[in-house]
Amino acid sequence: MPSAISFLQGHANLGMGSWHLGQGRRSWGEEKAALLTGLQLGLSVIDTAEMYGDGLSEELIGEVLRDWTQSRPRPFLVSKVLPMHASRQGVTRAFEASAYKLGVDCIDLYLLHWRGNTPLAETVAGFEDLKMQGRIRHWGVSNFDTDDMQELWQVPGGRNCMVNQVLYNVFSRGIEYDLLPWCQNNGVTVMAYCPLGHGELIEQGLLAEIGGRHGVSASVVALAWALRSGHVLPIPESGSADHIRDNVCALQLRLSAEELALIDAVSPPPRFKQPLDML
């Protein structure tokens with residue numbers, strides 16, 4: 001079957017996250033320069049959320065877009081609504097606030113950040129309203145396990161879900177047991193947040209060793225591993241232009257069967273159902 005990423009055709013299968021951007025970890029200007037570097041290198045998917053810095057990440061990205069889009073195609077924008085705002089009317093209000101911060105009329109992909117108390121049917125109806133009005137192009141979910149996806153599939157309009165964004169990296173492989181195959185079989189793109197974990201991958205001896213064979217860093221190996229199937233779109237976050245340049249190298253790295261087997265020996269694929277990993 002065709003890749004579930006086909007609806008993103010024309011965009012690199014590697015995006016840029018923004019969970020901690022715009023919040024003082026680095027200067028505003030440095031983080032803007034990092035995102036612009038990624039766009040220049042072809043990383044044309046940018047992920048954000050109303051939760052990130054209470055909108056500061058969206059504001060930062062809005063400034064990046066104003067600097068970028070004067071004569072160039074706009075990046076593919078992803079944002080997320082908090083579950084407490086996910087009523088039918090609340091989805092519209094949250095969208096309007098995010099669109100204002102981003103400085104756009106339409107968000108390409110709008111996700112429910114995680115499940116809350118609002119019935120899925122109500123949230124889906126809100127998403128479908130926005131889609132019908134041309135205010136979003138696609139919608140999806142985040143942090144949904146297999147049973148959540150199966151429930152969503154029974155909701156009117158639920159099968160219009162295009163994406164499930166979940167935690168996935170070399171040391172967090174639980175989705176491979178059932179969620180990842182389910183999404184592939186049902187045409188749902190998996191976006192992988194924290195594909196580099198929280199720094200532990202950089203110090204992992206095997207990944208550094210494999211990277212040394214190819215003249216790249218351990219983090220490039222980790223991203224190439226996440227990209228290996230063509231069905232997962234990783235969205236590593238970085239506010240450093242140098243780190244962004246490093247990440248892009250993963251698009252050219254193809255790990256051998258032997259190297260993948262070595263990684264499996266250190267961090268085996270799951271042999272039974274595991275609770276969905278979340279951050």
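Predicted model: local features only at pLDDT ≥ 70, side-chain atom pairs only at ≥ 80, totals over all residues.

Now look at another partner of β6. Strand β5 (residues 163-167) pairs with β6 over 5 bridges, again in the parallel sense. Here Val166 has Ala192 of β6 as its bridge partner. To get from β5 to β6, the chain passes through helix α6 (residues 179-185), and this β-α-β crossover is right-handed.

Is β6 enclosed or open to the outside? Because 5 of the 5 residues of this strand (residues 189-193) are buried, β6 is largely enclosed by the rest of the structure. Both of its faces are covered: Thr189, Met191 and Tyr193 are buried on one side, and Val190 and Ala192 are buried on the other.

In soluble globular proteins, nonpolar side chains tend to be buried together. The largest nonpolar core in this model has 71 residues, and Tyr110, Met149, Leu152 and Ile263 have the most contacts inside it. Helix α8 (residues 218-227) supplies the largest share of this core, with 9 residues. Apart from it lies another core, of 13 residues, including Val45, Leu111, Met191 and Tyr193.

Finally, zoom in on Tyr110. Leaving aside residues up to four places away in sequence, Tyr110 touches a number of residues, among them Val81, Phe95, Phe127, Ile136 and Trp139.

Definitions and conventions: Residues numbered from 1 in each chain as written. Heavy atoms only, no water. Core = buried A, V, L, I, M, F, W, Y, C linked by side-chain atoms within 4.5 Å. Buried < 20%, exposed > 50% of the residue type's maximum accessible area, 1.4 Å probe, protein only. Helix = DSSP H or I, 4+ residues; strand = E, 2+ residues; numbered from the N terminus. Contact = heavy atoms within 4.5 Å. Pairing = 2+ DSSP bridges. Right-handed = clockwise from strand over helix to strand, strands pointing away.
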